[in-house]
Amino acid sequence: MMKAIVVTQPGGPEVLQIAERPKPVCSPGEVLVKVAAAGINRPDVFQRKGNYPPPAGASPDIPGLEIAGTITETGAGVTRWKVGDKVCALVMGGGYAEYCAVPAGQCLPVPGNLTFTEAASLPETFFTVWSNVFDRGNLKGAETLLVHGGSSGIGVAAIQMATALGHKVYVTAGSVEKCSFCEKLGATKAINYKTENFAEVIKQLTDGKGVDLILDMIGGDYTPGNIQALADEGRLVMINTMKGKDVQVDLSVVMRKRLTITGSMLRSREIVFKAAIAQNLEKNIWPLLESGKIKAIINKVFPASEAANAHRLMESGEHIGKIVLVW
């Protein structure tokens, strides 16, 4: 048996409770990880509220999409990893537990200069940003990027990854403090969405051209501004709809500017798809983590027993960077 943080019923943070659960079985192609730390992500909050049912094969009541720890067992067919290896991993669920079984291809080595706590803050956001900005969004050359929610876990990952690879990044954030943080992290300009119209500011900053790619987790009434802020041939990539999924779009502008509107959900994608992202991260981003050019940005660390308080902080929106649970 093992300890885990479980969703006892849909509801507020208080429904997260410590319970005992059977230790996961390590199936062929998987490794079993003794979890040292687990990252908190907004989909965990949606799952706790009953709004994001886990996909088939995931733990029905243990949230958690990213972990870091030590491999204690390897399944049949696993050749790269061995017992004792330190890894971080993207998981489909079950991360808020002392042990978690993970497809071997979704594991990455813990960079030598990072702690387990720091490494646990990486997979969900880094996989998401790589998949949506560089694969689906095809950010390339000297193209520019706008990221909404610049001080979120996704935001700080996107700022660092895109700037490290030579792109100019603009972001939106909701306070002077958050805007300042994003600019210190590498953003060319952070726009305070509470006091400024981001679409108008983007037009001014780009001499009327607009940006080539927008990564949006907001949706709702941000959508017309996104369409306005995109350059010709621009791409809008949606990864969440925090302000609503139903929007009005002027399709004549989409046609005139030859825009692409797309999006994705990573959690339910197949193992081979996630393994390919892991390979790209290890090749292109992990050396930048090991050199210190990209950093793990941690806002606060909670003992696993205080998962409810970690979720309260996540829902407050006051954090800058990642929130992590440790065992």
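Predicted model: local features only at pLDDT ≥ 70, side-chain atom pairs only at ≥ 80, totals over all residues.
Asp207 sits in the loop that links α6 (198-205) to β11 (211-216); helices (H or I, at least four residues) and strands (E, at least two) are DSSP runs, numbered from the N terminus.

Residues are numbered from 1 along each chain as its sequence is written, and side-chain values use heavy atoms, with hydrogens and water left out.

Asn138, in the loop between α3 (123-136) and β8 (144-147), is not a glycine and also has a positive phi of about 55°. Here are the accessibilities, where buried means under 20% relative accessible area, exposed over 50% and partly exposed in between (1.4 Å probe, protein chains only).

| Residue | Phi | Relative accessible area |
|---|---|---|
| Asn138 | about 55° | 37%, partly exposed |

Now to the interior. A nonpolar core is a set of buried Ala, Val, Leu, Ile, Met, Phe, Trp, Tyr and Cys residues joined through side-chain atoms within 4.5 Å. The largest one has 71 residues, and those touching the most other members are Phe126, Leu145, Met161, Leu215, Leu281, Ile285 and Trp286. Helix α4 (residues 153-164) gives this core its largest share, eight residues. A second, separate core has 39 residues, among them Val78, Val91, Ala304 and Leu313.

Which residues is Trp286 in contact with, leaving aside neighbours within four places in sequence? With contact meaning heavy atoms within 4.5 Å, the partners of Trp286 are Cys88, Leu108, Pro109, Pro111, Leu122, Phe126 and Leu281.
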